[in-house]
Amino acid sequence: MMIVNIGPQHPSTHGVMHFRLHLDGEIIRRVDPEVGYLHRSIEKISERRLYEQVPVYCDRVDYTCAMTAVLGYVLSVESLFEKYELEVPPRAWYIRVIVTELQRLANHLLWLGTFALELGSFTGYMYAFREREKILDLFESVAGERITINYPCIGGFQQDLPEGWVELCRKILSEYPRYLDEIEDLLTLNPILIARCKGIGVLNRQTAIAYGITGPNLRATGVKFDLRREEPWGPYPELDFDIPTREEGDVYARYLVRLAETRQSCRIVLQCLDKLPEGPVLAKLPLKKRDISSEFLKERGIDAHIRTGIPRRLCPSPNETYRRMEGPRGEYGVFIISDGSDKPYRVRYRDNSFSSMSAIGAISKGHKLADFIAIFASLDIVAPGLDR
Amino acid sequence: MTPLWHAISPLLNSIGIRVATDSVLGMWITYIVCAGILAFGLSMLVAYSVLLERKVAGFIQERPGPNRAGPWGLLQPIADVAKLLFKEDIIHDAADKPAFKLAPFFAFVGPVMILVAVPFGPGIQMSAYATGLLMVLGFSGLAVIGILTGGYASNSKFSLIGGLRAASQMITYEVPLILAVLAAAMVAGSFELGKIVDWQTGGLMLAFVQPVGFILFLICMIAETNRTPFDIPEGESEITGGYHTEYSGIRFGMFFLGEYTALLSFSALGAVLFLGGWNGPPAIADFTAAKLSFGIVYSGIIWTAIIALMIGTAFFALRQYRRTGEFFGLVIICLAGLVFIGMHVAGSALGGTFLLQWPFVWLCIKIFFLVFVALLFRWTFLRLRVDQLTSFSWKFLFPLAIVNLFVTAILILLFEGK
């Protein structure tokens, strides 16, 4: 029995992940996944910042889909308020759907590229990244950033979409299915890809549910569970889209589900662009003068008479909330406890990467070393999602 | 050697050195000049086939490829080699030092030695052994020793797995390779590469007479040179760099250049064995009955099938595919097939001596055609798994090669047996 370390630095982990493989020749007998290499204390930092300042850190929670990561936090904070206190305008809701779905598209393309690279097809990687670049260009023009985007904020968006963005987006997305066909021609029916993927890393329904796996990985096992349908927000109930599922639960099923999902995301964005209402994009925020005790001021040596100069802040009443949304790789939820001050008492982020990582040992036992890479790539695990 | 000597001796005479043709000194001078030409020419060819690879990859992937060093990136190979030369050469403490130092040379020398027996023109051949083909196959097996030694000496698990994979892969694919080459040698009636080319002079290329052998050779060639879809010994995403994980600087460069040298050498071997070597397109008058009768029977049916398949694929591709690299690849392969057929026809029309004055150019065209096919394979396929790779060879290629050998033998007995 030979122990081989895949990671923490390895070309196919794309980040710092670590698996200890117990190999018998090329056959895997046991996998020990290790997490903890990318802990950045984002949860603790979030407790020390104002509610409005936290989104700046959220994009690092999951840097491959920053838009969703920030939006998840924003939605969670908004759910701490009553409906009448904080009313997000309809245009903002539509733009939120557009950017989330674009982020899903970008994430799945990133996944497709790295998956193809793991299986040895550098051309597939370049094709997927070519499409992803176009979406990142769209992000750049709305937010000024390409990867770690801070576009959504509490109450909507700080800025509306730039001029001509809608037309550009529509043009890129209406061309997208054609380019995806091109990528599929290269990969989907490629006999080598099928030989490498079919029947490999089969995740059955019970195992998936037991490990808490959600998103495309769960849908590839035949469970039709999508939070956009189960707990919809904004205009999702009005939109027409399918939830692609597969029964097999193997690497190939996960591949097909993700590709089908990008087509659905494309449909959703095009519908939203057609229905996009006019109006403001930022709600009026229920700002409060903070209830600061004179003791607090005395501690910091601040005179009582300058209290009037302290700006008003967002201070939700003491409450706790868990708001989840369908992120590109499954359930993305943010749990917040508020204690009435201007800072969250506790913030907890839930990303599906951890669940997928937990299941990898169970599904890759008995396969070859090369299959492990395919399984690992197909689960779409990203390092920052494992530990914040 | 004699024509080579005839080329060299006037040059020597012109600078005032007079050496008798059959003297020992003359022989050694010829050897040294040959080695010099080979070393320089080969290193340039290898360097520029790397550039070709990167340019073709760029073209398939809709990106420019190297274009900063010199016009169209023409100085890129020089920059690459210079970088490799100046990089720090790290030999880590746990390595088996003598073996670690020796391994890259084996990996590099083996493929170079293949070229020793390759005829570059009529009579321009460094060694015309009667068993040249067997010698070449022996040298091609030398690279595996280098790779295995490198994998073992690195004292790293990734390297060890890579080395073991390489050993199993190269041994597995050597068997159908040898059987395919053997069938070609049987048709030509000689193990001497020069004689095999002579057999094809003015006649059909052996690829037309031995279509199955040619395709087997093409597949095994790519497997022997460890390129995608058979690049599992260095499968980057699995075992980081395979046998060369621990190598750096020019020692890594030796492995790297050895791989491309192997590609070129095997392409040269393929060009000599199956594509007529240094021959230009032959004239129709040269299609002598003796060579044709056997060729038509065996290759007629198979080539009709292949051409029908190519046309069918092209139609399917035009309907189904749009701007993919795969489509591009299919079109190129179809066109190349047509060009090969066209070359024979054009040669017939223009007379047998057309461009025959340039044997080396024809050989280069054929070598780079085979290199190009390998590049297209690499940039459109995915990597196979280790067990799929070996079972493909033992369960499909090996039986096919055996059947091909038997059919060829029977046909030779039927049509040429006297």
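**Close-up views of chains A and B**

**View 1. A salt bridge links B:Arg165 and A:Glu26.** In this predicted model, the closest N and O atoms of the pair are 2.6 Å apart. A salt bridge here is a side-chain nitrogen of Lys or Arg within 4 Å of a carboxyl oxygen of Asp or Glu. Between chain B and chain A the count is three salt bridges.

**View 2. Chain B meets chain A.** Here 32 residues from chain B and 38 residues from chain A are in contact (heavy atoms within 4.5 Å). About 3100 Å² is buried between the two chains, with 58% coming from carbon and sulfur atoms; buried area is the accessible area (1.4 Å probe) that two parts lose on being put together, summed over both.

**View 3. The three-stranded sheet of chain A is open, with order 8-9-10 and antiparallel pairing.** Strands (E, at least two residues) are DSSP runs, numbered from the N terminus, and two of them pair if DSSP finds at least two bridges between them. Strand 8 (319-327) and strand 10 (344-350) of chain A are at the edges with a single partner strand each, so one side of each has no neighbour in the sheet.

**View 4. Strand 8 and strand 9 (residues 330-338) of chain A pair over nine bridges in the antiparallel sense.** Have a look at A:Arg324, which stands opposite A:Gly333 in strand 9 of chain A.

**Notes.** Residues are numbered from 1 along each chain as its sequence is written, and chains are lettered from A in the order in which they are written. Local features need pLDDT of at least 70, side-chain atom pairs count only at pLDDT 80 or more, totals for chains, interfaces and linings use all residues, and side-chain values use heavy atoms, leaving out hydrogens and water.

Terms used
Helix = DSSP H or I, 4+ residues; strand = E, 2+ residues; numbered from the N terminus.
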